[in-house]
Amino acid sequence: MTDDQWFKSAVVYQVYPRSFQDSDGDGIGDVPGVISRLDYLQQLGIDVLWLSPIYTSPQDDNGYDISDYQDIDPVFGTLADVDELVAQAHTRGIRIVMDLVVNHTSDEHAWFVDARSGPESAKRDWYWWRPPRDGMEAGAPGAEPTNWGSAFSGPAWTLDEASGEYYLHLFSRKQPDLNWENAAVREAVYAMMRRWLERGVDGFRMDVINFISKDPALPDYPVSPSRAPYAEPGQVSCGPRIHEFLQEMHRAVFAGRDALLTVGEMPGVTIEEARLFTDPERAEVDMVFQFEHVDIDHGDGKWDVRPLQLTALKASFGRWQAGLAERGWNSLYWNNHDQPRVVSRFGDDGEHRVHSAKMLGTVLHLHRGTPYVYEGEELGMTNAPFAAIEDFRDIESLNHYAAAIAAGQDQDHVLGALRTMGRDNARTPMQWDGSAHAGFTTGTPWIAVNPNHAEINVEAARADPDSVLHHYRRLIELRHTEPVVAHGDFEMRMADDEHVYAFVRRLGDVALFVLGNFTGAEAAAGEAAEWADAELLLGNYDAPQDHGTLRPWETRVYRRDG
Ligand code: TEU
């Protein structure tokens, strides 16, 4: 019987298959490409590989719009390739976690095709259909059944001309929301999940899973300024039956199986709710992705970019560390396929790229929780120099651009926001070497390779003992070898300091003092002087002369035992 809390000392690596490794020259990454890089991931030391969706999909949202949950999209490979990936990963001690996208399907999924065939369809109630708002003409502005906005701009409802009814989609109109009030929908999803587990998969990352329970009254919500006249889609989060559904799912799919990992992506989730979701006694999920720290530089919506305030970031992490200290468990992430590259966002992707990438990794990985490394983060990959709207591919960015320009916003201003916060920054191809397409493909990449791959790539990082890559290997090793990292309690220090992030981890007689300078200038850290006699376990500079001063973007980890 394995430890059902094994994930506390594990590190997860996220692969975005479209951008990781192409094996057949079509310019799009695929499963055989991932298999060909398993040795690299084993050497990095990660324990779990999370694959963003590879299922059959029209790729309206790069696979988060699934038209067949049981099969693999030919652009990514075959079921046999996935069996091979699972087998090869397991021989290297790496678990495989699939993406579970069941808040919505593609509008090309057989279930929705049937549902849209007419009000009499047996599958009609598998989705949310409603007539126009009372007294309104179908198709008239504002006639949508509720004022909910789509995450990809515009309303969350689309009119089906044939039936004169609207269907709900919190994301694109090609991603209709499933009606989880319908028990047949839930059973179909659980059966699909069981089939993947029977195929050897080790768990699921659950896409916007806190959106699956909606208030059946479908009320209007307060209009959000950045989405006027629509309401923020996130307001549907954590509906009335969400805990009931996740407990039912656990009983129907996970009960009696061990060594699995389940993580729920939950925009808008609070600490109180997360404690309920991740309390092992309640058998819902192992951990959640919360968004507070990745929304911290959002003003009026994500495109209204504000400078980072370190005390606000520390306050958020501090709340989550304290909130889930006794019950529940945190996930830890800076990056994923929806967020811009952290070294460009909260670090310095110029002169101090290596120092700041190491500092950001160290501060994150030594918190209490399960760290997630997004492909390329371990190299210190940066945001990309997108020149024009034609360089972008992501539906969220393209829809926002169209809506903002139509609303009269200045083109350069909108492009500037896309360059800074656009999801495509995370989706440029993985940089394996300095060759034409960074070793990602022999064809034409679906999105341009970042030109800085000549300098930033796996081949160069491997050869450079001082690279970000070797620092991440060291961080992952620490979580495997130092119990205080996985199980120690957490205490924030210097909470009011706008330049330095500092905290202590303790387990028994062992204590770690972790520091990170979030600025490009020297910063005072008087408290560190008290640790001058302790072991300096890890840093991104040579041993300091003056322990009380941090150099630009410096990080240090002191260890004391007894
Ligand atoms: O993301 C949900 C989600 O919260 C994002 O839409 C996020 O708010 C936004 O990207 C930030 O800019 C999940 C997937 O991770 C995302 O890739 C999908 O587009 C989305 O769900 C729909 O499946």
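This is a predicted model: local features need pLDDT of at least 70, side-chain atom pairs count only at pLDDT 80 or more; totals for chains, interfaces and linings use all residues.
Q: Let us start with the ligand: how many residues surround it, and which are the closest?
A: The ligand is surrounded by 18 residues. The closest are Asp61, Asp207, Lys302, His337 and Asp338.

Q: What lies 2.4 Å from an oxygen atom of the ligand?
A: That is a polar side-chain atom of Lys302. Arg205 also has a polar side-chain atom at 2.9 Å from an oxygen atom of the ligand. For Arg423, an N or O atom of the side chain is 3.0 Å from a ligand oxygen.

Q: How much of the ligand does the protein bury?
A: The protein buries 92% of the 490 Å² that the ligand exposes when taken alone.

Q: Back to Arg423: where is it in the chain?
A: Arg423 lies in the loop between helix H13, residues 411-421, and helix H14, residues 458-463.

Q: Is Arg423 buried or exposed?
A: Arg423 has a relative accessibility of 6%, and buried means under 20%, so Arg423 counts as buried.

Q: Which side chain does Arg423 join through a polar contact?
A: The side chain of Arg423 has a polar contact of 3.1 Å with that of Asp61. Asp61 is also listed among the closest residues to the ligand.

Q: Now the strands. What joins E12 to E13?
A: A hairpin joins them through one residue. Strand E12 covers residues 298-299 and strand E13 covers residues 301-305; they run antiparallel and are joined by two bridges. In one of the pairings, Gly299 has Gly301 in E13 as its bridge partner.

Q: Changing topic, how many aromatic pairs are there?
A: The count comes to 31 aromatic pairs.

Q: Why is the pair of Phe289 and Tyr333 called edge-to-face?
A: The planes of the two rings stand at 75°, and an angle over 60 degrees counts as edge-to-face, so the pair receives that name. The ring centres are 5.3 Å apart.

Q: Where do those two residues sit in the chain?
A: The pair links distant parts of the chain, 44 residues apart. Phe289 belongs to strand E11, residues 287-289, while Tyr333 is in the loop between strand E14, residues 331-332, and helix H10, residues 342-345.

Q: Are Phe289 and Tyr333 buried or exposed?
A: Phe289 is buried at 5% relative accessibility, and Tyr333 is buried with a relative accessible area of 2%.

Q: Which residues do ring pairs link into a cluster?
A: The cluster consists of Phe317, Trp334, Phe346, Phe490, Tyr501, Phe503 and Phe518.

Q: Next, the backbone. Which peptide bond is cis?
A: The bond from Ala228 to Pro229 is cis, with omega near 5°. Pro229 is in the loop between strand E9, residues 203-206, and helix H7, residues 242-254.

Q: Where are they found, and are they buried or exposed?
A: Val208 is in the loop between E9 and H7, and Cys238 is found in that loop too. Val208 is buried, with a relative accessible area of 3%. Cys238 counts as buried at 15% relative accessibility.

Q: Where does Thr105 lie, and what does its side chain contact?
A: Thr105 lies in the loop between strand E5, residues 95-100, and helix H5, residues 110-115. Its side chain makes a polar contact of 2.9 Å with the side chain of Tyr127. Thr105 is buried, with a relative accessible area of 0%.

Q: Finally, what is the place of Ala283?
A: Ala283 is in the loop between helix H8, residues 271-278, and E11. Its relative accessible area is 26%, and Ala283 is partly exposed. The C-alpha atoms of Ala283 and Gly234 are separated by 24 Å, with the two residues 49 residues apart along the chain.

Definitions and conventions. Residues are numbered from 1 along each chain as its sequence is written. Side-chain values use heavy atoms; hydrogens and water are left out. Two strands pair if DSSP finds at least two bridges between them. Helices (H or I, at least four residues) and strands (E, at least two) are DSSP runs, numbered from the N terminus. A residue is near a molecule or strand if one of its heavy atoms lies within 4 Å of it. A polar contact is a pair of N or O atoms within 3.5 Å; within protein, one must be able to donate a hydrogen and the other to accept it, and residues adjacent in sequence count only if both atoms are side-chain atoms. Accessible areas come from the Shrake-Rupley method with a 1.4 Å probe; for residues, only the protein chains shown count as cover. Rings of Phe, Tyr and Trp (its six-membered ring) pair if their centres lie within 6.5 Å; planes under 30 degrees apart count as stacked, over 60 as edge-to-face and the rest as tilted. Buried means under 20% relative accessible area, exposed over 50%, partly exposed in between (1.4 Å probe, protein chains only).
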